[in-house]
Amino acid sequence: MAALSLHADPPPMTAEEQHLSVVLRETTACDANRIAAAEMQIANASDQPGFALALLACVSRAPKSSADSGAADDVSVPAAAALHNFVRARWPHRLVHGEREPIRAAILRSLLVAPTSGPVTRLLAETFRIVITADVTKQKCWPDLLPALCAAMRESDLMLGKEQSPVRTANALVAVHTLLKPYKYFQNPTLAKEAAPPELEAIVKALLEPLLGMLGVLASGTLAAAAAEAGGTATGGVAGGVAGDMTTAQNGVPTPPVKNEKKQAENDALLHTLLKCFHHTIAAYMPHALVPSLRHWLEVLVKLLERSPSFFNATSGQTKTTTPRRKAAKRAIQCLISLVTRHRRHVDKALPTLCGHATHLAGVLSGQRLVSSLDDPPCPIASRTAAACFDLLARVAETAPGFKLLAPNFGRLLEQAIFPALRASAEDEHDWETDEEEYLRRNLPNDFGDDQLTVTSGFNEELYAPRQSACNLLALLADRGSGGGAGALDDSTSSGKDKRSRKNSKAGGKVKKNKNDTPGDVALVFLDRFPPPGDGNAPLDGTGASAYYGVLLAYGALSTWLAKHKNETSSTIVTLARRRVFPALSRNGAVSDVASAMLRANACWCVGELCVTDHVPATEAHVELLDCLTCQTGVEHPALRSAAASAIASALHNSCWPTDWTPLLTAAAAAAAPVAGDADSDTNASRLRAIRLIAVAAETAPEHCGAPATATALAAALARACASATPSPPNTFPPIVETALEALNAVVEASTECVESYEEEGDDTSISVPHRSPNHKPPHQHLVALVPHCCDALRRAWLPSAWGLDAWPASSGDSGDGMADDADAGGKPVPCAMGDCSRLLTKALRWCPDLRSTHQINLAELVVAHAELLVEWDAFAEEEDESGLCAITAVAEAFTRGVLPSHAVSASLNAHAKFV
């Protein structure tokens, strides 16, 4: 790409380009008809030669600055959007012959001279990414790209003497970042060890190495600006000795901070983009061309990590200008995580420094979160950064040398960083009262039955929430320490070692190791500092409740370690549960009602986690958890009921069973029932978890859930939950309906097992197994009683009569809200949860006693509706496909028994034939 083409002004618009710009403006009109007509014209014009170049000519008329982006004659945004859609649909095989090279060169040129911020640059960068993926990463057919980018970087506006250049340095970095983005993943993951691709080596040598000078200047400016804002002075430059095209630090004196805050924010954004380029380069590979300069990159990263605490001290009015700086700090930590994970040998010598700085930053951010208020909440970047610090420490601790590095300072790490991150803050109380799902996602990470189950590992992907990352790190260090990774700890929070032992150690004498001086034991001693609520103690005040909130989370995080290393005797776990956890389940554990409810929820979660040890007192645990599930506080605070339901499900899953199942199942059925007047009951997390509890109970203890009286009540409650939350067709089922159908199938299967066990024992001679030939005795009355509930769960999903209609409307547009009134059905049903629905219909057909009952429960209509949906259903698994075939077989058997009328079989015959 010649320099002349970058500096030249765009030529005057041709008549075709002017007409296209008028059409593009029409796409932003307020009239839907005008928009549709304009989109049709653009679609027709896209087949003509020169269409993409005409769009780029319109894009080149973008305002020179983001402040002018609202001009009335601006067509650059719709032009960039149309160009992105065109490239996404046609690149590279549906282009006009001969236009591929000119279009991609023009896209790069437009990206380099576009405004440095705004939608035009983002759309052009995404368009450039599509071209890069096809022409560089896959086909490798753009040989002049690297020389063009190098020339553009040298001629950009921030380079020495190039202030008037139309090429933006920020946009050139965006282009480099886009070019490197595909290499953050392995190109051939099937190989056990894959070398860096030659293209990546060439990119690093041509672009990343020359940017070292810019890195040093930008980092020095950011650090100096942060020091000046904090009232101090920078202690030295970074990346010393690195030369570049930009003005660099002289004699170790850092570049002075830019006086203009907006300009400094732009420089911080440049540093952030440059760090993203480096992160994508080393996320998967370590190019040989990068190894010589890796030390300088590491120096910058360590210096940024060291100074990062000052980045988050800005007031609320400075948040906008300091956001790029904070993003740069977070990205620096992510770079260090990748280096520690994949290229540890290159950073081994820096690990002690990294661990110290990461611990300090995590502690500072956790402390700021504790003192923050709702009027001045912590910024989301601070939370992500704190989580990244804990993740970095977990990656270090995953290996034995890394653990030995952290073990001597475990007490300080626990007291200054991990435990403050676990304590409750004003933000937690706000989430508790306003967003139950968000609270549970962020604060109870291993909630049983959720899709967010995590395992203790140093190689977990970024957990995003500081509390989850802190729990993961605590559990990992406890487990590693008990495995003999480090031996005794020198913990400042405990006085287990006396001074004479230390003197003997210095003199060469042997010191006997204390087997209880492991991270897990040190954590238990530290947590004993905080008194529990209840048992004669006064209710906890705000500070005490906040601390004990973290204590309960810490006990839950240590559950795996307790199960592995404290199971030789049950006394430790039983004592811990009775003296430290169960008291927090009392109704008046804290002065504040909200704090008391939050403590109870954490205690419920902790009990569920401790059940993996197999030594939690089952009777006492279920009494306390059942009280949380049924008390009035659970109605006022649904998150408490959710935590209790999940904890009971976890206990049942780990074979911690109650002595009497009836109160538990009755309470679960009541908690799963729809709430009168609750318009958002389909998204109620507490109901969802209560339904999951029923499913777990039915799977783990079918002899209790399948008993006649219990199963009928549970099936009725689940059928009501399905019917109340089923949206009007053609909307798909919300999660609560899918979960209720799954739980109803579990209850039905439990009933079947009970009937079969009764028959094997010979307790009831009138029982027949439903899977046998219809010539046998009729099904048991217990199974017959479940048939109406199976049909009730399906009726509103499949039958128009359930919505007060004679037939479904001809249109099939989604009404969009997921829940509608009875008269608002907008079309025919679509296949949803057909596996579970087919199983319920199969059971209803096999257990329906006579034709009269068939008419009463609309079974014939359900068979016809099911057959129509089978034709549209794509079964993704063999098990799902088998459920449809079983339903067809059940239809034939029911017709043979005279239970199903002939017109229903005739109406469904063709659909069944198509499905088979």
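Mentor: Here is a walk through the aromatic rings, then the charges over rings. Please keep in mind that this is a predicted model. The structure holds nine aromatic pairs. One of them joins W432 and Y439 in an edge-to-face arrangement, with 5.1 Å from centre to centre and 90° between the planes. Both of these residues are buried: W432 is, and so is Y439. Another edge-to-face pair is made by W657 and W661, whose ring centres lie 5.6 Å apart, with 75° between the planes. W657 has 32% relative accessibility, so it counts as partly exposed. W661 has 4% relative accessibility and therefore counts as buried; the cut-off for that word is under 20%. If you wonder how to read such numbers, a pair of aromatic rings is described by the distance of the centres and the angle of the planes.

Rings can also gather in a group: F419, F526 and F530 form one aromatic cluster.

Now to the charged neighbours. R796 lies over the face of W803, and the distance to the ring centre is 4.1 Å. In the case of R325, the charged end sits over the ring of F311, at 6.0 Å from the centre of that ring. So when you turn the model on your screen, you could begin with W432 and Y439, the edge-to-face pair at 90°, and finish with R796 over W803.

Methods
Residues are numbered from 1 along each chain as its sequence is written. This is a predicted model: local features need pLDDT of at least 70, side-chain atom pairs count only at pLDDT 80 or more; totals for chains, interfaces and linings use all residues. Side-chain values use heavy atoms; hydrogens and water are left out. Rings of Phe, Tyr and Trp (its six-membered ring) pair if their centres lie within 6.5 Å; planes under 30 degrees apart count as stacked, over 60 as edge-to-face and the rest as tilted. Buried means under 20% relative accessible area, exposed over 50%, partly exposed in between (1.4 Å probe, protein chains only). A charge sits over a ring if NZ of Lys or CZ of Arg is within 6 Å of the ring centre and within 35 degrees of the ring normal.
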